Amino acid sequence: MSARCEAGLEGRDVEQQMMAGVLGRAREGTSGVLVLRGPAGIGKTELLRSVVRQAPTDLMRLSCLGVQTEMGLPYAGLHQLLRPLLGRLGTLPAPQAAALAGAFGLADTEADRFLVALAALTLLTEATENHPMLLAVVDDAQFLDPASRDALRFLARRLEADRVAVLFGVREGCAEDFHAPELPVLRVGPLTDDDGRRVLARSGLPLAESTVNRLLREAAGNPLALTELPLSLTDAQRRGLEPLPEMMPLGERLQEAFLARVRRLPHPSQVFLLMAAVHAGGDLGTLDAAAQRLGLPPDACTAAERAGLVGLRDHTVEFRHPLIRAAACQAMTFADRQAVHRALAEVLTGQPERQVLHLAAATSGTDDELAAQLSAAAARASRAGGAATAVGALERAASLASRPEDRLRYMVEAAESAWRAAQAARANALLEEAGTLTADPGLLARINYLRGSIKHASNNPAAACRTLIEGAAPVMTDEPELAGTMLVMAARGAFVANDAETMARIGHLVADLALPREHPIRRLGRRLVALVDQDLRVPAPDAAAESTDPATLAWLDPVDPQPWVWPPTLYPYVTGVSGHTRQALEGAAGTLRERGQVGRLPMTLAPLVALEIAAGRWASALANGEEGLALAEETGQEGAACHLRVLLAWMAALRGQSERCRELVRQGLAGAAEHRIASAAAIAHWALGLLALGEGRPEDAVELLERVVLPNDAASHFMLAAAVLPDLVEASVRAGRQQAAEEHLCRYEQWRIGPEHRHFQALLDRCRALVRRGDGRDELFRRALDAPAQSPFELARSRLLYGEWLRRERRIKDARAQLQAALAQFRTLEAEHWVQRTKAELRAAGGADTAEPVGPTPFAGLTPREMQIVRYVGRGMSNQEIAAQLFLSPRTVGYHLYKLFPKLGVTSRHQLRGLSHSLDAD
């Protein structure tokens, strides 16, 4: 599209050029998004129409209009936008096609909202296959239904190399908004007086100079006001022969101008306009059928059309401006509105969702049958991914219900829907009111379970613990499974909040539940009690094998992953079940990706990233960590985001990325302090301590790491201390604090480590070798090196420390061998600070730097996303399958692969698959 500016859009050259730039970049292969924001009448709609008019004829155009009366229909806006593309539904991956069909009522299938958004992204981008580009225009986006709004924001953020341009128009000053701060914004401002005069002159009306000046002053550069206000004046007022009326604020003035024009119409035409306003589809057949029910004459629409308030296109009534729609509603009485809604309900027999909404609008008082219909409509909306829509339907059902028990049930269901729609404040308000209406223990437990879930996810772990424990108490005998699930979530909160006492209390409560002794929940209770007692051994009669550990694997359900009751970040590492848990988490993440359940991924990826870092799978940890953090921020999960930031800081510390580590810690600690996430604060200080240790600042490392270990510090944690102590022992030795090192070693030995903690056993031997005097140190170092299940990083550190000790013992040849091996491993890991430390020690031993990285490192220059794509190519996935896993478009995946080939020196997908196996084995 050229930057030519359209006549009739006075003063909008810059805006038109910016929109033309978006289209130009999309045609060249780089998708573009732009949000036009401004008050009513500022010209957003005209600008969007102009870009459609000027767009080349060979591109595909899609459009939709947000309509306030459609906000109760899930995916109404998205369906309007994608309707021309639904013939291509069969080209989508089966889960995406099913989700979109369910969302649009084309099939009776559940539709996860993120999978629907991913399907919409795929459908849009694949539609460019036979076109140079696609233009999607969404006007009045503030009035989109919540499901469509979220889906369009989701896909807009993921457009990359897709030849798609998306333009949004958003009216400011409404109660509703299209909140998308991450998208580029163009603020459409007022016209200059010179441009305003040209708009007034274009009307062709005789206007006195005094009238022109008043209109310019009152319109304040608003082009719609400059167009409409002269029409509301008498001829004498326009000519300056009579005084102008007292002016009101612009928004009211425009509304009044349109309202006055509506009220000049004959009453039947006003009623017809009202019908068109509340029936957002606007199809003339439906409106004519409803008009007959009301006894309106056949030409009821004609007067409104002649007055320029509406137009007819493709048998559809279109309002010339959204404010006219509002004026049509405002002009009529409540009785008129009820009659119109009732008539529409009678003719919309094939559209049950719209029909029940019109019936609800036409009803006053109570109506149990209608309440049940609204409840059923809410259930359908939830299945289609419209949880936010279901809230309003259920709240209206509660107001219509005559029986208190039905009203209570609808309110609780509304709260549950609000929570699924991420409307925590609304859910809490509903639960607060519902809690006053019942004394039934089962219902109260359900209410408290939801309250606790909200508090837990809203990052108030201490409050979540209290709510969940109190809520579980009345049903521990009658509903032990429900009570156990609540207590498991409470235990997760206690871990995050560093509340050992509460965790022990939960353990005893769980152990006493009326369940079989070997039930996973009761086994978990025994493990919690043991851990608080600093006993890392699996308590009898449980076996020590990882595969049967109750504390970690009992809730890792691959069929229905529920991360809010899974073990929290680093818990599996501390409890010695890392390997099996990592595999289970990888499987769960894969399940969630296949289903498009983005909302559950961050809480799944956080513990997975922690285990991957500890295991030395740093490439995978970085890719999963970056993705998880982006999704957590996008979905408002600050707890998961906080943990992911400090985990990425931990890895940055190990790799010697000092500035990145400090910045991530700064962000992580800010979130941890705000939401009282003690476990994240502990990991943040651990990361800073490791950074100081790698940079050769052992004194600083001691101070930072001691904050995690010593009680009553804001960064302390009663369980993560076990993982930090080995680093603190080394830092104390390097700082020359021998007595402190011995005290920390004693504390580490007091953690009664079981045989399943093979990585801790190796670290314990290494610590003893560092601190102990006399004979036996060589044997301790060797045992530390020979222990199985060590991460490459910890093994390299043990070799470095052993080599340093051997050099001091003047066993130079043996020292060089250990140092060369450590240097090679650190280079492979790209642990820069540790590489430099090892090289310095090797020079001191008189050795040359001949170490090479262990194995090839072709992936050093790849971004985290590129590494993910390489891994999925290695698993034999197509571009479309990879796109579904990463919530991208297939075209974007292809674009990344195009850049990857020269980076890796390959020319085919087959060669790339051969290289990729080392990523899965890192």
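These legends walk through a few close-up views of one predicted protein model.

The model is predicted, so local features need pLDDT of at least 70 and side-chain atom pairs count only at pLDDT 80 or more, while totals for chains, interfaces and linings use all residues. Residues are numbered from 1 along each chain as its sequence is written, and side-chain values use heavy atoms, with hydrogens and water left out.

**View 1. The whole chain, before zooming in.**
The protein chain has 46 helices and 7 strands; here helices (H or I, at least four residues) and strands (E, at least two) are DSSP runs, numbered from the N terminus. With a radius of gyration of 33 Å, close to the 29 Å that the globule rule gives for 922 residues, the chain is as compact as a globular protein of that length. That radius is taken over C-alpha atoms, and the globule rule is 2.2 Å times the number of residues to the power 0.38. The C-alpha trace spans about 110 × 65 × 50 Å along its principal axes. Of the 922 residues, 57% count as buried (buried is under 20% relative accessible area, exposed is over 50%, and partly exposed is in between, with a 1.4 Å probe and protein chains only). Take the contacts with a separation of 6 or more: residues 24 or more positions apart account for 68% of them. Contact here means heavy atoms within 4.5 Å.

**View 2. Helices H18 and H20, side by side.**
Here H18 (residues 368-383) packs against H20 (residues 404-420) at an angle of about 20 degrees, and their axes are 12 Å apart. The axes are lines fitted to C-alpha atoms, for helices over the stretch in contact, and angles run from 0 to 180 degrees between N-to-C directions. The two helices are therefore roughly parallel to each other (under 35 degrees is roughly parallel, over 145 roughly antiparallel, 65 to 115 roughly perpendicular, and the rest oblique). Their crossing is left-handed, meaning that the near helix is turned anticlockwise from the far one by less than a right angle; clockwise would be right-handed. On the H18 side look for Ala-371, Ala-372, Ser-375 and Ser-382, which meet Tyr-410, Glu-413, Ser-417 and Arg-420 in H20. Sorted by class, this contact has 3 nonpolar, 3 polar and 2 charged residues. Ala, Val, Leu, Ile, Met, Phe, Trp, Tyr, Cys and Pro count as nonpolar, Asp, Glu, Lys and Arg as charged, and the others, Gly among them, as polar.

H41 (residues 812-829) and H42 (residues 832-844) pack at an angle of about 160 degrees, with axes 9 Å apart. That makes H41 roughly antiparallel to H42. The crossing is left-handed. From H41 come Arg-816, Leu-819, Gln-820, Ala-822, Leu-823, Phe-826 and Arg-827, and from H42 come Trp-834, Val-835, Thr-838, Lys-839, Glu-841 and Leu-842. By class, that is 7 nonpolar, 2 polar and 4 charged residues. In the loop between H41 and H42 you'll find Glu-830, with a positive phi near 60 degrees in a residue other than glycine. Most residues other than glycine have a negative phi. Glu-830 is partly exposed, at 29% relative accessible area.

**View 3. Tyr-75, another positive phi.**
Tyr-75 sits in the loop between strand S2 (60-65) and helix H3 (76-82). Its phi is positive, about 65 degrees, although Tyr-75 is not a glycine. Tyr-75 is buried, with a relative accessible area of 1%.

**View 4. His-321 and Arg-261, two buried residues.**
His-321 is in the loop between strand S7 (316-319) and helix H15 (322-330), and at 13% relative accessibility His-321 counts as buried. Not counting residues up to four places away in sequence, His-321 touches Gly-41, Leu-224 and Phe-258. Arg-261 lies in helix H11 (residues 250-263) and is buried too, at 11%. Leaving aside neighbours within four places in sequence, Arg-261 is in contact with Glu-228, Leu-231, Ala-307, Gly-308, Leu-309 and Arg-320.

**View 5. Ala-701 in helix H35.**
Ala-701 belongs to H35 (residues 698-709) and counts as buried, at 0% relative accessibility. Beyond its neighbours within four places in sequence, Ala-701 is in contact with Gly-689, Ala-692, Leu-693 and Ala-731.
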